[in-house]
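Biologist: I am new to this. Please show me how to read a structure, feature by feature.

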Amino acid sequence: MSEVKKIAVVAGDGIGPEVVGEALKVLKKVEELFGYQFETEHGLFGGIAIDEKGTPLPQETLDLCKNADAVLLGAVGGPKWDNNSKELRPETGLLGIRKALGLFSNIRPATVFDCLKEASTLKPEVLEGTDLIVVRELTGGIYFGEKFRREGAGGEEAVDTCVYNVQEIERIVRQAFDIAMTRSKRLASVDKANVLETSRLWREVVNRIAPEYPEVELEHVLVDNCAMQLLRRPSSFDVIVTENMFGDILSDEAAMLTGSIGMLSSASLGEGSFGLYEPVHGSAPDIAGQGISNPIATILSVALMFRLTFGYHDAAQAIEDAVKEVLDAGHRTGDIAVDKSKAIGTTAMGDLIIAALKKS
Ligand SMILES: NC(=O)c1ccc[n+]([C@@H]2O[C@H](COP(=O)([O-])OP(=O)(O)OC[C@H]3O[C@@H](n4cnc5c(N)ncnc54)[C@H](O)[C@@H]3O)[C@@H](O)[C@H]2O)c1
Ligand SMILES: CC(C)[C@H](C(=O)O)[C@@H](O)C(=O)O
Ligand SMILES: [Mg+2]
């Protein structure tokens, strides 16, 4: 029997609990099929934690995560908490958990399933061969810099500061080069070095590290150009490495190459094998509680957890194959359905994927 892996589950708000529920069903089926053992423990996080504990990231939830081998996260946030003070916004909990767990690297693969090309806004021939990964720096930059309000000559001013140091840039860039070495050895470093000082430092560090990876073909792309090229020639990208805010925005854009943000999984990693796994999407308040959200991003996040934290490549492959089989058979949630009248719900999609899961 394999060793029991501890998974902290923080489902959060909105569609978070729905999509996490389907991912937990997949975990259970993997236990039955492959003999792996998982112990799951749930923690309050996000808006629901504000309501019940007065803070988006209660200490007991953080401890639960710290004592686990991996974390499975749904999504946080929603209009109910939008007007909260800075400390009480669910997003503060999300940024806080990433920082507290040292998760500086956010890996967001945008894999285009052939049968979903019809759901994309791009022409199938433009999408041909598209399979890229955004490596987003996750604990620095403008999201974590000092922010404040003050009185200025033109009235009230708001200030957000963007700070990066060499060490923060080096560790994420090295990780991206390492990932590029396992793939097609192409790396695009995305910055705004024509304007921002943090980007100039970013580019210097990338150029200093590049000779350590002579086999990797490196290109520097300005972020505005990258946003355009992602729609013009997506297949020319393989690994994209970039700072926090650019990665946040570009990964949502890349989601539309796959057909929907409901398809994009992610892994947040630090120095060791511990990781936090979550869909890239948010709590989708517009569809929460209707049972129509797409659980595939969260289910594929479990596959990432198996690959990157547990090394259970057989089970990861089985999940990815099951998702493909179900999509190839034409089953679609509303977000990826061309004919919306035939769309199935969250639970039905989860059940189909579980039924398709097999040990080869
Ligand atoms: N990691 C996270 O927890 C996370 C990420 C992004 C946004 N948020 C938060 O979520 C809240 C809503 O943000 P938003 O509306 O800008 O982004 P969102 O990702 O929640 O939703 C954007 C759009 O995509 C759709 N969508 C998202 N996930 C889907 C899924 N699985 N299936 C089908 N459709 C899906 C939504 O219905 C919506 O129309 C905000 O409070 C925001 O801060 C949290
Ligand atoms: C909700 C927000 C703080 C978060 C981020 O910007 O990291 C989200 O957009 C994401 O992509 O996970
Ligand atoms: Mg985002």
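Modeller: Helices (H or I, at least four residues) and strands (E, at least two) are DSSP runs, numbered from the N terminus. Over residues 6–353 the chain is 41% helix and 20% strand. The end C-alpha atoms of that stretch are 23 Å apart. This is a predicted model: local features need pLDDT of at least 70, side-chain atom pairs count only at pLDDT 80 or more, and totals for chains, interfaces and linings use all residues. Residues are numbered from 1 along each chain as its sequence is written, while chains are lettered from A and ligands numbered from 1 in the order in which they are written.

Biologist: How is the chain divided into domains?

Modeller: Domain bounds come from an automatic or database domain assignment. Here domain 1 is 1–105 + 271–360, and domain 2 is 121–258. Their C-alpha centres lie 25 Å apart.

Biologist: How many residues of each domain are in contact?

Modeller: Contact means C-beta atoms, placed from the backbone, within 7 Å. Seven residues of domain 1 meet 13 residues of domain 2. Helix 4 (residues 90–100) gives the most to the domain 1 side, with three residues.

Biologist: What span should helix 9 have?

Modeller: The expected span is 1.5 Å times one less than the number of residues. Helix 9 (residues 244–258) has 15 residues, so it should span 21 Å. Its end C-alpha atoms are 21 Å apart, which agrees. Next comes Gly259, with a positive phi near 115°.

Biologist: Which residues come nearest to ligand 1?

Modeller: A residue is near a molecule if its C-beta atom, placed from the backbone, lies within 6 Å of it. Of the 22 residues around ligand 1, Gly77, Gly262, His281, Gly282 and Asn294 come nearest.

How values were computed:
Two residues are in contact if their C-beta atoms, placed from the backbone, lie within 7 Å.
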